Amino acid sequence: MLEGNNLECVRGDRRLFRDINFSLEAGGLMQVQGPNGSGKTSLLRMLCGLATPAHGEIRWNGVEIRALGGDYYAAMTYLGHLGGVKDDLTAIENLRISSALGGVEIDEHKAHDALQHMGLGGRELLPAKVLSQGQRRRVTLARLLVCGTVLWILDEPLTALDTTAVKLMQGLMEQHLEHGGMIVMTTHQEIEITAVATQRLQLA
Ligand SMILES: Nc1ncnc2c1ncn2[C@@H]1O[C@H](COP(=O)(O)OP(=O)(O)OP(=O)(O)O)[C@@H](O)[C@H]1O
């Protein structure tokens, strides 16, 4: 279970939010919503330990995430809105390296299969710089097929995706939730995801 207790975020001289509370259980989806600049990315960065709350705490299965360290990272995958795809590496290399950095080593065959599943068949060996924005996003999202983590934290995962890829992601996320996974995500796009428990966290 992921819990946020009385979370507060201060950026520069601005308080973006305070008193944010939630708990997310197996099979649960939390959609973080709010206008540009309301603090959605800041909240997600807190939830994956990249930023520290000005106040409050984040717990994973009852333990503060900073105390858990590597055990938390083994359970969680964070995909930031920039994607982190490296221009000079091929799609396969990008996927294998980002997976390894996330603690999961995959061979070329597995990377190939995941990229093919994401509709990138025939593009796997091209340097990422020649891929379209939507194709680059698909390379980033292919991580979800190989990571094996229970908690996905996704910042604007649907940006630049066409309708086919949005449907693919919808299916992938629903399958993850059906199997007891958890997802925290932001999106400015409309998407209906079936989950046993969906909650919306609105930032002002
Ligand atoms: N390191 C920082 N120092 C000062 N201000 C920051 C810093 N990082 C973010 N901010 C500010 O915090 C606010 C919230 O940023 P954040 O990226 O969390 O918003 P968001 O809700 O994700 O926005 P968007 O919908 O545009 O992605 C913005 O005004 C941003 O400029």
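Tutor: The model here is predicted, so local features need pLDDT of at least 70 and side-chain atom pairs pLDDT 80 or more, while totals for chains, interfaces and linings use all residues. Numbering runs from 1 along each chain as its sequence is written, and side-chain values use heavy atoms, without hydrogens or water.

Student: How many residues surround the ligand?

Tutor: A residue counts if one of its heavy atoms lies within 4 Å. There are 13, the closest being Gly-37, Gly-39, Lys-40, Thr-41 and Ser-42. By class, two are nonpolar, eight polar and three charged; Gly counts as polar.

Student: Which element gives the most to that shell?

Tutor: Elements are DSSP runs numbered from the N terminus: helices (H or I, at least four residues) and strands (E, at least two). Helix α1 gives the most, three residues. Both α1 (40-47) and β2 (14-24) supply at least two.

Student: Where is the largest nonpolar core, and which residues have the most contacts inside it?

Tutor: A core joins buried Ala, Val, Leu, Ile, Met, Phe, Trp, Tyr and Cys residues through side-chain atoms within 4.5 Å; buried means under 20% relative accessible area (1.4 Å probe, protein chains only). The largest has 34 residues, and Met-169 and Met-173 have the most contacts inside it. Elements giving two or more residues include α4 (91-101), β7 (151-155) and β8 (182-186). Helix α8 gives the most, six residues. A second, separate core of 28 residues includes Ala-51, Trp-60, Ile-65 and Leu-203.

Student: What does Met-169 contact beyond four places in sequence?

Tutor: Contact means heavy atoms within 4.5 Å. Met-169 meets Met-118, Leu-141, Leu-144, Leu-158 and Leu-161.

Student: Is Asn-94 buried or exposed?

Tutor: Asn-94 lies in α4. Its relative accessible area is 6%, so Asn-94 is buried. Leaving out residues up to four places away in sequence, Asn-94 touches Gly-84, Val-85, Lys-86, Leu-89, Ala-128 and Val-139.

Note on methods:
Buried < 20%, exposed > 50% of the residue type's maximum accessible area, 1.4 Å probe, protein only.
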